[in-house]
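Morning, everyone. Please open the model on your screens and follow along.

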Amino acid sequence: MIHIVDNISSTNDWLAKYYSEVDDTIIAIKQSKGKGRRGNTWESQIGGFYLSTVSSNHKLLPFIVGISIMNVLEKDCKGLNLKWPNDIILQGKKLGGILCEDFGDFSIIGIGINFENKPDIDNSTNLISNNISIDKSFFLASFLYNFDMKSSLTSEEIIENFIEYDCLIDKEVFWEGSSGIVKSIALDGSLVVESNDKELNLYSEEVHLERY
Ligand code: BTN
(Lines give C-alpha, C1' and ligand atoms only; values in the text may rest on other atoms or scores of the structure.)
Protein backbone atom coordinates (compact mmCIF):
# COMPACT_ATOMS: atom_id res chain seq x y z
CA MET A 1 0.00 0.00 0.00
CA ILE A 2 1.16 3.56 -0.69
CA HIS A 3 0.39 6.11 2.04
CA ILE A 4 0.57 9.83 1.30
CA VAL A 5 0.65 12.18 4.28
CA ASP A 6 1.12 15.92 4.63
CA ASN A 7 3.26 16.06 7.78
CA ILE A 8 5.02 13.36 9.74
CA SER A 9 8.03 13.13 12.03
CA SER A 10 9.99 10.72 9.82
CA THR A 11 8.68 8.44 7.08
CA ASN A 12 11.30 5.82 8.03
CA ASP A 13 10.19 5.86 11.68
CA TRP A 14 6.51 5.69 10.75
CA LEU A 15 7.01 2.65 8.52
CA ALA A 16 9.17 0.90 11.11
CA LYS A 17 6.19 1.15 13.49
CA TYR A 18 3.20 0.59 11.22
CA TYR A 19 4.31 -1.45 8.20
CA SER A 20 2.35 -4.60 7.42
CA GLU A 21 4.15 -6.06 4.42
CA VAL A 22 7.13 -5.71 2.11
CA ASP A 23 6.54 -2.96 -0.47
CA ASP A 24 4.48 -0.81 1.94
CA THR A 25 5.44 2.74 1.05
CA ILE A 26 4.91 6.22 2.43
CA ILE A 27 5.57 9.63 1.00
CA ALA A 28 5.28 12.84 3.00
CA ILE A 29 4.90 16.45 1.92
CA LYS A 30 7.16 17.44 4.83
CA GLN A 31 8.82 15.86 7.87
CA SER A 32 9.33 17.44 11.28
CA LYS A 33 12.16 15.08 12.34
CA GLY A 34 13.67 13.81 9.09
CA LYS A 35 16.66 11.57 9.72
CA GLY A 36 19.89 11.49 7.77
CA ARG A 37 22.78 9.07 8.02
CA ARG A 38 25.06 8.95 11.07
CA GLY A 39 22.41 10.51 13.33
CA ASN A 40 22.16 13.70 11.28
CA THR A 41 18.94 15.62 10.78
CA TRP A 42 17.48 15.69 7.28
CA GLU A 43 15.95 19.10 6.56
CA SER A 44 12.50 18.32 5.21
CA GLN A 45 10.56 21.42 4.20
CA ILE A 46 7.69 21.50 1.72
CA GLY A 47 8.98 21.10 -1.82
CA GLY A 48 11.27 18.17 -1.12
CA PHE A 49 10.54 14.52 -1.80
CA TYR A 50 10.46 12.18 1.20
CA LEU A 51 9.88 8.49 0.57
CA SER A 52 10.22 5.32 2.61
CA THR A 53 9.49 1.80 1.50
CA VAL A 54 9.82 -1.63 3.09
CA SER A 55 12.16 -4.07 1.40
CA SER A 56 13.43 -7.54 2.06
CA ASN A 57 17.06 -7.47 3.17
CA HIS A 58 19.94 -7.34 0.71
CA LYS A 59 23.55 -6.64 1.60
CA LEU A 60 23.83 -4.19 -1.30
CA LEU A 61 20.51 -2.44 -0.67
CA PRO A 62 21.81 1.18 -0.72
CA PHE A 63 23.59 0.44 -3.99
CA ILE A 64 20.43 -1.00 -5.59
CA VAL A 65 18.51 2.07 -4.47
CA GLY A 66 21.22 4.37 -5.84
CA ILE A 67 21.32 2.83 -9.31
CA SER A 68 17.51 2.74 -9.46
CA ILE A 69 17.36 6.47 -8.74
CA MET A 70 19.96 7.10 -11.45
CA ASN A 71 17.80 5.23 -13.96
CA VAL A 72 14.84 7.46 -13.15
CA LEU A 73 16.65 10.82 -13.12
CA GLU A 74 19.49 10.52 -15.60
CA LYS A 75 17.44 11.35 -18.72
CA ASP A 76 16.55 14.77 -17.29
CA CYS A 77 19.64 15.58 -15.23
CA LYS A 78 23.03 16.42 -16.71
CA GLY A 79 25.94 15.91 -14.30
CA LEU A 80 24.14 13.37 -12.13
CA ASN A 81 26.32 11.06 -10.02
CA LEU A 82 26.31 8.80 -7.02
CA LYS A 83 28.84 9.25 -4.24
CA TRP A 84 29.69 6.15 -2.24
CA PRO A 85 27.92 5.05 -0.20
CA ASN A 86 24.59 6.92 -0.21
CA ASP A 87 24.67 10.35 -1.82
CA ILE A 88 22.98 11.60 -4.96
CA ILE A 89 25.01 14.35 -6.57
CA LEU A 90 24.03 16.90 -9.20
CA GLN A 91 26.67 19.16 -10.75
CA GLY A 92 29.02 18.37 -7.85
CA LYS A 93 26.49 19.24 -5.13
CA LYS A 94 24.30 17.06 -2.93
CA LEU A 95 20.84 16.61 -4.42
CA GLY A 96 19.65 13.84 -2.12
CA GLY A 97 20.50 10.95 0.13
CA ILE A 98 19.56 7.39 0.94
CA LEU A 99 19.09 5.98 4.43
CA CYS A 100 18.66 2.20 4.65
CA GLU A 101 17.84 0.80 8.08
CA ASP A 102 18.12 -2.93 8.77
CA PHE A 103 15.44 -4.35 11.10
CA GLY A 104 16.56 -7.96 10.88
CA ASP A 105 13.63 -9.50 9.00
CA PHE A 106 13.26 -6.54 6.68
CA SER A 107 14.82 -3.19 5.84
CA ILE A 108 13.43 0.28 5.44
CA ILE A 109 14.70 2.37 2.57
CA GLY A 110 14.44 6.13 2.99
CA ILE A 111 15.04 8.55 0.14
CA GLY A 112 15.19 12.34 0.38
CA ILE A 113 15.59 14.42 -2.78
CA ASN A 114 15.60 18.20 -3.08
CA PHE A 115 13.06 19.07 -5.76
CA GLU A 116 11.95 22.66 -5.03
CA ASN A 117 13.17 22.99 -1.43
CA LYS A 118 16.52 24.63 -0.74
CA PRO A 119 18.19 23.12 2.34
CA ASP A 120 20.26 25.49 4.42
CA ILE A 121 23.35 23.31 4.00
CA ASP A 122 26.60 24.10 2.20
CA ASN A 123 27.15 22.30 -1.06
CA SER A 124 23.55 21.19 -1.52
CA THR A 125 21.42 21.73 -4.61
CA ASN A 126 17.91 21.08 -5.86
CA LEU A 127 16.23 20.26 -9.16
CA ILE A 128 14.45 23.58 -9.64
CA SER A 129 17.58 25.73 -9.52
CA ASN A 130 18.98 23.49 -12.27
CA ASN A 131 15.83 24.12 -14.35
CA ILE A 132 14.76 20.51 -13.99
CA SER A 133 11.13 19.69 -13.50
CA ILE A 134 10.12 16.12 -12.65
CA ASP A 135 6.68 15.06 -11.53
CA LYS A 136 6.83 13.50 -8.06
CA SER A 137 4.21 10.84 -8.88
CA PHE A 138 6.23 9.88 -11.94
CA PHE A 139 9.35 9.68 -9.79
CA LEU A 140 7.59 7.47 -7.24
CA ALA A 141 6.16 5.02 -9.79
CA SER A 142 9.32 4.89 -11.84
CA PHE A 143 11.56 4.42 -8.81
CA LEU A 144 9.48 1.51 -7.46
CA TYR A 145 9.49 -0.14 -10.90
CA ASN A 146 13.26 0.29 -11.33
CA PHE A 147 13.95 -0.87 -7.80
CA ASP A 148 12.06 -4.08 -8.53
CA MET A 149 14.06 -4.63 -11.72
CA LYS A 150 17.46 -3.84 -10.22
CA SER A 151 16.84 -6.05 -7.18
CA SER A 152 17.21 -9.12 -9.37
CA LEU A 153 20.69 -8.17 -10.63
CA THR A 154 23.74 -10.09 -9.40
CA SER A 155 26.10 -8.43 -6.92
CA GLU A 156 28.65 -8.03 -9.73
CA GLU A 157 26.11 -6.23 -11.92
CA ILE A 158 24.93 -3.98 -9.07
CA ILE A 159 28.45 -2.89 -8.17
CA GLU A 160 29.51 -2.51 -11.81
CA ASN A 161 26.47 -0.31 -12.42
CA PHE A 162 27.14 1.78 -9.26
CA ILE A 163 30.79 2.31 -10.23
CA GLU A 164 29.71 3.78 -13.60
CA TYR A 165 27.99 6.59 -11.69
CA ASP A 166 30.30 7.02 -8.69
CA CYS A 167 32.09 10.37 -8.75
CA LEU A 168 34.75 9.16 -6.28
CA ILE A 169 36.46 6.73 -8.66
CA ASP A 170 40.08 7.85 -9.27
CA LYS A 171 39.65 10.76 -6.82
CA GLU A 172 41.59 11.40 -3.63
CA VAL A 173 39.57 10.89 -0.45
CA PHE A 174 40.35 11.79 3.16
CA TRP A 175 39.30 10.06 6.37
CA GLU A 176 40.52 10.17 9.97
CA GLY A 177 43.89 11.71 9.13
CA SER A 178 44.53 9.38 6.17
CA SER A 179 44.10 9.79 2.45
CA GLY A 180 44.14 7.65 -0.68
CA ILE A 181 42.95 7.28 -4.24
CA VAL A 182 39.69 5.45 -4.86
CA LYS A 183 40.23 2.46 -7.12
CA SER A 184 36.95 0.60 -7.04
CA ILE A 185 34.09 -0.76 -4.95
CA ALA A 186 34.33 -4.36 -3.74
CA LEU A 187 31.50 -6.88 -3.96
CA ASP A 188 30.82 -6.45 -0.23
CA GLY A 189 30.16 -2.74 -0.84
CA SER A 190 33.43 -1.46 0.66
CA LEU A 191 35.37 1.34 -1.02
CA VAL A 192 38.72 0.11 -2.37
CA VAL A 193 41.36 2.78 -1.82
CA GLU A 194 45.08 2.87 -2.60
CA SER A 195 46.99 4.50 0.22
CA ASN A 196 50.80 4.42 0.67
CA ASP A 197 51.09 1.69 -2.00
CA LYS A 198 48.62 -0.53 -0.16
CA GLU A 199 45.03 -1.36 -1.01
CA LEU A 200 42.56 -0.76 1.81
CA ASN A 201 38.86 -1.50 2.09
CA LEU A 202 36.82 1.27 3.72
CA TYR A 203 33.46 0.30 5.19
CA SER A 204 30.71 2.91 5.33
CA GLU A 205 29.69 1.88 8.87
CA GLU A 206 33.23 2.53 10.12
CA VAL A 207 34.59 5.41 8.08
CA HIS A 208 33.29 8.86 7.28
CA LEU A 209 34.89 10.54 4.27
CA GLU A 210 35.77 14.07 5.32
CA ARG A 211 36.24 15.62 1.91
CA TYR A 212 37.00 14.50 -1.57
C1 BTN B 1 21.50 11.15 4.10
O2 BTN B 1 21.94 11.44 5.24
O3 BTN B 1 22.06 11.54 3.09
C4 BTN B 1 20.26 10.29 3.97
C5 BTN B 1 19.01 11.14 4.01
C6 BTN B 1 17.74 10.32 3.94
C7 BTN B 1 16.51 11.20 4.15
C8 BTN B 1 15.23 10.45 3.92
S9 BTN B 1 13.84 11.51 3.73
C10 BTN B 1 12.76 10.15 3.79
C11 BTN B 1 13.30 9.20 4.84
N12 BTN B 1 12.79 9.55 6.16
C13 BTN B 1 13.76 9.99 6.97
O14 BTN B 1 13.58 10.37 8.15
N15 BTN B 1 14.94 9.96 6.34
C16 BTN B 1 14.81 9.44 4.98
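Start at Pro85. Pro85 sits in the loop between strand 4 (80-83) and strand 5 (87-90). The peptide bond that joins Trp84 and Pro85 is cis, with omega about 0°. Keep in mind that this is a predicted model.

Lys83 makes a salt bridge with Asp87. The closest N and O atoms of Lys83 and Asp87 are 3.5 Å apart. Are these two partners buried or exposed? Lys83 has a relative accessible area of 12%, so it is buried, the cut-off being under 20%. Asp87 is buried as well, with a relative accessible area of 13%. Asp87 also forms a salt bridge with Lys94. Here the closest N and O atoms are 2.8 Å apart. Lys94 is partly exposed, at a relative accessible area of 26%.

How many salt bridges does a search of the whole structure find? Five. Next, take the one between Asp13 and Lys35. Its closest N and O atoms are 2.7 Å apart. Where do the partners lie? Asp13 is in helix 1 (residues 11-18). Lys35 is in the loop between strand 2 (25-31) and strand 3 (49-55). So the pair ties together parts that are 22 residues apart in sequence. On accessibility, Asp13 is partly exposed, with a relative accessible area of 34%. Lys35 is partly exposed too, with a relative accessible area of 29%.

As for the network, salt bridges that share partners join Asp13, Lys35 and Glu101 into one.

Now go inside. Find Val65 in helix 2 (residues 61-73). Is Val65 buried or exposed? Buried, because its relative accessible area is 0% and the cut-off is under 20%. Which residues does Val65 touch, leaving aside those up to four places away in sequence? The list is Ile98, Cys100, Ile109, Ile111, Phe143 and Phe147. Ile109 and Ile111 carry numbers within strand 7 (107-113). Phe143 and Phe147 carry numbers within helix 3 (136-150). For a sense of distance, take Val65 and Asn123. They are 58 residues apart along the chain, and their C-alpha atoms are separated by 22 Å.

Two patches deserve a look. The nonpolar one is made by Ile2, Ile4, Ile29 and Ile46. This patch covers about 400 Å². Ile2 belongs to strand 1 (residues 2-8). With a relative accessible area of 45%, Ile2 is partly exposed.

The other patch is negative. Which residues form this negative patch? Glu156, Glu157, Glu160 and Glu164. Glu157 is in helix 4 (residues 155-165). Glu156 lies in helix 4 too. Glu157 counts as partly exposed, at 39% relative accessibility. Glu156 also counts as partly exposed, at 45% relative accessibility.

How far apart are Glu156 and Ile29, C-alpha to C-alpha? The answer is 36 Å in space, and 127 residues in sequence. Glu156 comes from the negative patch, and Ile29 from the nonpolar patch.

Last, the backbone. Two asparagines have a positive phi. Take Asn131. Its phi is near 55°, a positive value in a residue other than glycine. Where is Asn131 found? In the loop between strand 7 (107-113) and helix 3 (136-150). Asn131 counts as exposed, because its relative accessibility is 75% and the cut-off is over 50%.

Then Asn196. This residue is not a glycine either, yet its phi is positive, about 50°. Asn196 lies in the loop between strand 10 (191-195) and strand 11 (198-202). At 71% relative accessibility, Asn196 counts as exposed.

To recap, in order. The bond between Trp84 and Pro85 is cis. Lys83 and Asp87 form a salt bridge, and Asp87 forms another with Lys94. Val65 is buried in helix 2. Helix 4 holds Glu156 and Glu157, which are part of the negative patch. Asn131 and Asn196 have positive phi values. Over to you for discussion.

Methods
Residues are numbered from 1 along each chain as its sequence is written. This is a predicted model: local features need pLDDT of at least 70, side-chain atom pairs count only at pLDDT 80 or more; totals for chains, interfaces and linings use all residues. Side-chain values use heavy atoms; hydrogens and water are left out. Patches are made of residues with over 30% relative accessible area and no salt bridge: like charges are joined within 9 Å, nonpolar side chains (Val, Leu, Ile, Met, Phe, Trp, Tyr) within 5 Å. Accessible areas come from the Shrake-Rupley method with a 1.4 Å probe; for residues, only the protein chains shown count as cover. A salt bridge is a side-chain nitrogen of Lys or Arg within 4 Å of a carboxyl oxygen of Asp or Glu. Lys and Arg count as positive and Asp and Glu as negative; His and the chain ends are not counted. The place of a charge is taken as NZ of Lys, CZ of Arg, CG of Asp or CD of Glu. Helices (H or I, at least four residues) and strands (E, at least two) are DSSP runs, numbered from the N terminus. Buried means under 20% relative accessible area, exposed over 50%, partly exposed in between (1.4 Å probe, protein chains only). Contact means heavy atoms within 4.5 Å.
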